[in-house]
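Welcome! Below is a short tour of one structure, taken a region at a time. Have a look at it first, then read on.

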Amino acid sequence: MSAPAILHADLDAFYASVEQLLDPALRGKPIAVGGGVVLAASYEAKAFGVQSGMPGRRARELCPELVFVSGRFDEYQRLGDAAIAVLGDFTPLVERISIDEAFADVTGSVRLLGPPEEMATRIRERVRAELGLPISLGVASTKHLAKIASQVAKPDGLAVVRPGTERDFLRDLPVELIWGVGPVTKARLAERDIVTIGQLAATEERTLKRLLGEAAGEKLSALSANRDARRVVTGRRARSVGAQSALGRKPAVAAVCRPTLLYLADRVASRLRAKGRAGRTVTLRVRFADLRAVTRSITLPAAISATAILAEVAVDLLRAALADHPDERTLSLLGVSVSQLEKNAALQLEFPLRLGDEKRRPGTGKGAARWAADRAMDKVRARFGRAAIGYGSTVLGEGRAVPDAFRALAEREL
DNA sequence: TCTGGGGTCCTAGGACCC
DNA sequence: TCTGGGGTCCTAGGACCC
């Protein structure tokens, strides 16, 4: 077997590129997808400093001629899938990271399809010819290097790190190009005058562990010295499911909290049911007016996926969180997530509704009735769409910052 | 110039068990 | 009885990524 050959593919300014593809009038112009918040910006807009996550007002200040488009989320999904599928024509070992990004291990395809660099070139040509989209590729012997290479290649480029040149390639790059080094770690390293990956590699692992913790120290020590043993993994499954909503500034009263938690619980629980999964740990996230966030969680004796039960647990957790913060009476965000996922959704039929309740037989009692009601609602939605029937969605449906269709794009495969 | 939503992984302390 | 050590689970918080 020849040297490992890993590709990392990354569609450039993906949502914005799709909009410019579908509407030629937008090409060459600074555009942003979104409105209240910038969900994505074209390269022309980025040149003005416009970034995703930025408030729309701020973006307009930076770039007065910025064109806002509302977003065609079904097209993003379709084209993202199609681009990743091109990788699948070169190897079955494709690990999708997000809607617009994936790793591919082409080591086993070299003999049949040629050098990895040629495969990368053909992938870029095909995505351009068949889909009309720019895509950047990195080619290297590890995931870490391939990912950095694709960032270096952007926009619309190809970068190859040849076997044997890895350490040279890394030496003068800034530490923040390492996957997992963000602002905090960067600052902590800078205090020790560690700025480049070469300097990081020259630092004792002991020192890094003391500075950054056991796991982070070990990881950075390995990555900086080009010891990346991670394999490309197909079919990764989500380990948690969540939903959250920014509220602006809302009083912490039942009239606000209950419908919001019901809506969030419904989003989470219906996703779980659709995949025949359920989870034992429920985590509630609260952010107060000052943007300080706290979480409260509980691990249940059995996994759940019924909307009403999840909502009740979330309400209880919120009560506990508010009791611990009696001064905070204004909320800016609520979130609900479920983890410790299990395969069997039917387990919840035996879950007692209240602590101390006796065990119910499967198929009887309130839990079963609620589950059956949820299933019936799921079926109506499958035929007529999500808005046809529901709990809190109509309460919050209008005026929220981000459309449900965008939320769905960020969801991970369960 | 603190801004949206969906995620992953790590740490640290406490409870509990052997 | 006291002391020590190891392991697992749970909870809360935090850094980071797309």
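Predicted model: local features only at pLDDT ≥ 70, side-chain atom pairs only at ≥ 80, totals over all residues.

## Around DNA strand B

Three elements, α12 (214–224), β9 (240–251) and α17 (404–410), each supply at least two residues of the surface near DNA strand B. Helices here are DSSP runs of H or I with at least four residues, strands are E runs of at least two, and both are numbered from the N terminus. The largest share of that surface comes from β9, with seven residues. In total, 29 residues surround DNA strand B, and the closest are G53, A215, S240, A246 and A410. To count as near, a residue needs its C-beta atom, placed from the backbone, within 6 Å of the molecule or strand.

Residues are numbered from 1 along each chain as its sequence is written, and chains are lettered from A and ligands numbered from 1 in the order in which they are written.

## Around DNA strand C

Which element gives the most to the surface near DNA strand C? That is β11, with six residues. β5 (94–98), α9 (183–191) and β11 (293–304) each supply at least two residues there.

There are 19 residues around DNA strand C, of which S98, G182, V184, T185 and T299 come nearest. They divide into eight nonpolar, eight polar and three charged.

Helix α13 covers residues 254–274, 21 residues in total. From its first C-alpha to its last, α13 reaches 29 Å, close to the 30 Å expected at 1.5 Å a residue; the expected span is 1.5 Å times one less than the number of residues. Just after α13, G276 takes a positive phi of about 65 degrees.

## Two loops to visit

In the loop between α7 (143–153) and β8 (158–160) you will find P155. A cis peptide bond joins K154 and P155, with omega about -5 degrees.

Another stop is D193, in the loop between α9 and α10 (197–201). D193 is not a glycine, yet has a positive phi of about 65 degrees.

Note on methods. Nonpolar A, V, L, I, M, F, W, Y, C, P; charged D, E, K, R; others polar.
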